[in-house]
Amino acid sequence: MVSRPRLALLVLASFLLLACARGTVRHEPDAAHPVMAAAVATAVRAQAVVGDRLIGPEYTEITTTLGPLAAKKLSRHPDFAALAVRYLLAAGVGPGDRVAVNFSGSFPAINVAVLAAIQAVGAEPAITSSVGSSTWGASDPDYTWLDIEQTLAGQGLWAWRSAAASVGGVGDVGGGLTPEGVAAAKAAISRAGVAEMRPADLDEAVALRLAVYRRDGQLPAALVNVGGSHVIFGRQGHHSPLRQALTAGYTPRRQVADGLAAPFVDNNRPVIHFLNIGQLAAANGIKADNPPGTSAVMYARAVPAATRLAITAWLAAAVWVLWYGGRRKEWWRGPCR
């Protein structure tokens, strides 16, 4: 039997080697870095146009739910546009593809990042929106997400605007809003000159959006959703199995019973979902104090060939020592002296 002290020494040496190897890992610009950089630059310009109005009042008559101020501030980081590019490319979206986009007013800065990313990859969005917003979002009744869209289009960032919009809230029918809130949301839709979706229930809210997205009966290449609107999750609400980030490739465990994501998942169309901004930022190296264009999401880790060779040789040697020394060498057996 191999002595424990010597085995521990071998394991310790292996950890030391891996620790040294980690120091040689380089961070190089991702293959999609130029596209990501273009999206980030566009997001920076768009945010400069809108300014501080990307974060609205804490609570107004069109506020639907609570949302932490810290997440709203973090959502303004332009590198979320790079993250959206990464997801779109991983979803197989490319130049000329149509992308279904569903926005709420909760994260206007992420909405901007998504549109900047779609522009950078050369795709075309088909946009639906709901006016309602969580706290600190596009919650100013006089300057909603639909007004931000008009501002950006007017400044030439892009020509895209929502093709249709609803008031939002529970059931996408204004649930949870006061009559004054519903009226303010409807006024915003009218002010923007956007077709109003007036669903009777959640199923119709989904159907109305799909009617906007479909062309020749076909769904777009992917769905991007920003925010936690009732429409995206369906009746299960936040208990829906729909996860954040990119969902691609159909498997039964990913099947969503209803809601806007369901027809996309069921037809093997990728779904990109932005909701918990803090988690997405942490998972992709987006930190509040990072200058735009420097977050880890824009870089790939590269392990030098010499490091890979050294690790392979060490592991092979360790396996040989364990096998050969355990069978043939007395010095490898018994207690350490």
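Trainee: Which residues in α6 do Pro108, Asn111, Val112 and Leu115 in α5 meet?
Mentor: Quick caveat: this is a predicted model, where local features need pLDDT of at least 70, side-chain atom pairs count only at pLDDT 80 or more, and totals for chains, interfaces and linings use all residues. Numbering runs from 1 along each chain as its sequence is written, and side-chain values use heavy atoms, without hydrogens or water. Helices here are DSSP runs of H or I with at least four residues, strands are E runs of at least two, both numbered from the N terminus. With contact meaning heavy atoms within 4.5 Å, those four α5 residues meet Trp145, Ile148 and Leu152.

Trainee: How do the residues of that contact of α5 with α6 divide?
Mentor: Ala, Val, Leu, Ile, Met, Phe, Trp, Tyr, Cys and Pro count as nonpolar, Asp, Glu, Lys and Arg as charged, and the others, Gly among them, as polar. On that basis the contact of α5 with α6 splits into 6 nonpolar, 1 polar and no charged.

Trainee: At roughly what angle do the axes of α5 and α6 cross?
Mentor: Axes are lines fitted to C-alpha atoms, for helices over the stretch in contact, and angles run from 0 to 180 degrees between N-to-C directions. The α5 and α6 axes come within 11 Å. Their crossing angle is roughly 40°.

Trainee: And α2 with α6: parallel or perpendicular?
Mentor: Helix α2 (residues 33–50) packs against helix α6 (residues 145–154) at about 115°, their axes 10 Å apart. By the cut-offs, under 35 degrees is roughly parallel, over 145 roughly antiparallel, 65 to 115 roughly perpendicular and the rest oblique. So α2 and α6 are roughly perpendicular.

Trainee: Which residues of α6 make the contact with α2?
Mentor: From α2 come Ala46, Val49 and Val50. On the α6 side you'll find Ile148, Thr151 and Leu152.

Trainee: What is the handedness of the crossing where α4 passes α5?
Mentor: The axes of helix α4 (residues 80–90) and α5 come within 8 Å and cross at roughly 50°, which makes α4 oblique to α5. A crossing is left-handed if the near helix is turned anticlockwise from the far one by less than a right angle, and right-handed if clockwise. Here α4 passes α5 in a crossing that is right-handed.

Trainee: How many nonpolar residues are in the contact of α4 with α5?
Mentor: The α4 side includes Phe80, Ala84 and Leu88, and these and others meet α5 residues, among them Ile110, Val114 and Ala117. The contact of α4 with α5 has no polar and no charged residues, and its nonpolar count is 14.

Trainee: Which residues touch the most other members of the largest nonpolar core?
Mentor: A nonpolar core is a set of buried Ala, Val, Leu, Ile, Met, Phe, Trp, Tyr and Cys residues joined through side-chain atoms within 4.5 Å. Among the 68 residues of the largest one, the most core members are touched by Phe80 and Phe274.

Trainee: Is Asp216 buried or exposed?
Mentor: Asp216 lies in the loop between α8 (202–213) and β6 (222–226), with a positive phi near 55° despite not being glycine. Buried means under 20% relative accessible area, exposed over 50%, partly exposed in between (1.4 Å probe, protein chains only). At 77% relative accessibility, Asp216 is therefore exposed.

Trainee: What about Ser240, buried or exposed?
Mentor: Ser240 is also in a loop, between α9 (230–233) and β7 (245–247). With 7% relative accessibility, Ser240 counts as buried.
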